[in-house]
Amino acid sequence: MSDHDARPLDPATQAVWGGEDRYLLDRATQVPVVHSVAFGYEDVDEWQAVALGEAEGHIYGRNTNPTVAVFEEKVRLLEQAEAATSAATGMAAISNSLHALLAPGKRVVSVKDTYGGTSEIFTDFLPAFGVEAVLVDTTDFDAIEAEIAAGCDVLYLETPTNPTLKILDLERLTAAGHAAGATVMVDNTFATPINQSPLALGADLVLHSATKFLGGHADALGGVVAGRAELVEEIYHYREINGATLDPMAAYLLLRGMKTLHLRVERQTGNATAVADYLEGHARVESVNYPGLPSHPQHELAARQMNGFGGMLSFSVEGGIDAVKRFLPELKLAHRAANLGSVETTVGPPATTSHVEVSAAGRAALGIPEGLVRYSAGIEHVDDLIADLDGALSVL
Ligand SMILES: *Cc1c(COP(=O)(O)O)cnc(C)c1O
């Protein structure tokens, strides 16, 4: 290797080449999908060395797999982390990480606006294990700091939030978490490594639902966590024993999707910006939540900590859920489905998507209006997306 390798690669290049700098099988230029459950050894000493982690290699598919390892390495490079490990879904990555790092008597501080499934881990599952979970108002940073100071083993953050696109100040809250001796975790699913680097802002661990923007094609489930090596090692050990392993075929699809991550996210960010502008000027639209809009109450904070404002927005229309039920079916260029981050535009009310697990009263308590629509901009031409919205909203 010559010393020109020392120059760090841009994320656009890393998305294409990261983790793929050596051929795994018969000089195939593409990562093979290795479906083998076990890996064979003629030499028992070599087998044992790999099993003990003293030599590179794979033993059994619940632990590690060559296709899955390339996916983990690509995410590690994109997040500029010491280590990364994967899981079967985003929720598996989140729950395995929390369970690995917490124990009875420990205290976790988070916010009210985390992803619905994550929120349920805090309200239902962790308390059953004797872990205290405190959920604070998402935009009240003073209150979050006060709870951290009152005792915090894990500080769990997510920004921008789903579905109301609130922004957490990562530098400020991470510093507060570390002052209290906490491990700081950040769900970076909405921003992607292209638009936000939580580790560079101080976080210990960054998590993704790879199902969303990383894969980008709505055809594979997966999760990943990256960050400090000793923490990732603990989470890997928990996951390998508990068994929520990422499937090699899913890892292949995620890897294939990630080659265009930078292109897609750039386009989705541009489309979301134009759609948010359009919606803000529409007479039937009550409010638009997009961190890229100067009207967003935390626009300046978002501009400071993000490289781009992302492909997600939400908006509410006059007439609440009844109006949503009338105009949503009129959209031709959008899946009405519980997903986001795909190449196709995808829409849905939180009541059927991110917060389906939460009751109507619970959504109200979280400040999520029943007339809200979450909009995940795809990579279509923006003129077509706006014309489609214009036609659909004209029925109101
Ligand atoms: C979808 C999502 C998750 C959960 O991921 P799965 O892959 O569906 O398990 C977690 N966090 C955020 C922000 C999400 O959008």
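## A loop residue with positive phi

Gln80 sits in the loop that joins α3 (66–78) to β1 (83–87). In this predicted model, the phi angle of Gln80 is positive, about 50°, although Gln80 is not a glycine.

## Two cis peptide bonds

Which loop holds Pro160? Pro160 is found between β4 (154–158) and α7 (170–179). The peptide bond that leads from Thr159 into Pro160 is cis, and its omega is near -10°.

Pro163 also belongs to the loop between β4 and α7. The bond from Asn162 to Pro163 is cis, with an omega near 5°.

## The ligand and its surroundings

How many residues surround the ligand? There are 15, and the closest are Met91, Asp187, Ser209, Thr211 and Lys212. By type, the shell around the ligand consists of 5 nonpolar, 7 polar and 3 charged residues. Helix α4, which spans residues 90–101, gives the most to this shell, with 3 residues.

For Gly90, a polar backbone atom is 2.8 Å from an oxygen atom of the ligand. For Ser209, the atom concerned is an N or O atom of the side chain, and the distance to a ligand oxygen is 2.8 Å. For Lys212, a polar side-chain atom is 2.8 Å from an oxygen atom of the ligand. On its own the ligand has 380 Å² of accessible area, and the protein covers 93% of that area.

## Two domains

The protein chain is divided into two parts: domain 1 covers residues 3–258, and domain 2 covers residues 261–393. Their centres, taken over C-alpha atoms, are 26 Å apart. To the contact between them, domain 1 brings 44 residues and domain 2 brings 37 residues.

How much area is buried between domain 1 and domain 2? The value is about 3,200 Å², and carbon and sulfur atoms give 59% of it.

Methods. Residues are numbered from 1 along each chain as its sequence is written. This is a predicted model: local features need pLDDT of at least 70, side-chain atom pairs count only at pLDDT 80 or more; totals for chains, interfaces and linings use all residues. Side-chain values use heavy atoms; hydrogens and water are left out. A residue is near a molecule or strand if one of its heavy atoms lies within 4 Å of it. A polar contact is a pair of N or O atoms within 3.5 Å; within protein, one must be able to donate a hydrogen and the other to accept it, and residues adjacent in sequence count only if both atoms are side-chain atoms. Accessible areas come from the Shrake-Rupley method with a 1.4 Å probe; for residues, only the protein chains shown count as cover. Helices (H or I, at least four residues) and strands (E, at least two) are DSSP runs, numbered from the N terminus. Ala, Val, Leu, Ile, Met, Phe, Trp, Tyr, Cys and Pro count as nonpolar, Asp, Glu, Lys and Arg as charged, and the others, Gly among them, as polar. Domain bounds come from an automatic or database domain assignment. Contact means heavy atoms within 4.5 Å. Buried area is the accessible area (1.4 Å probe) that two parts lose on being put together, summed over both.
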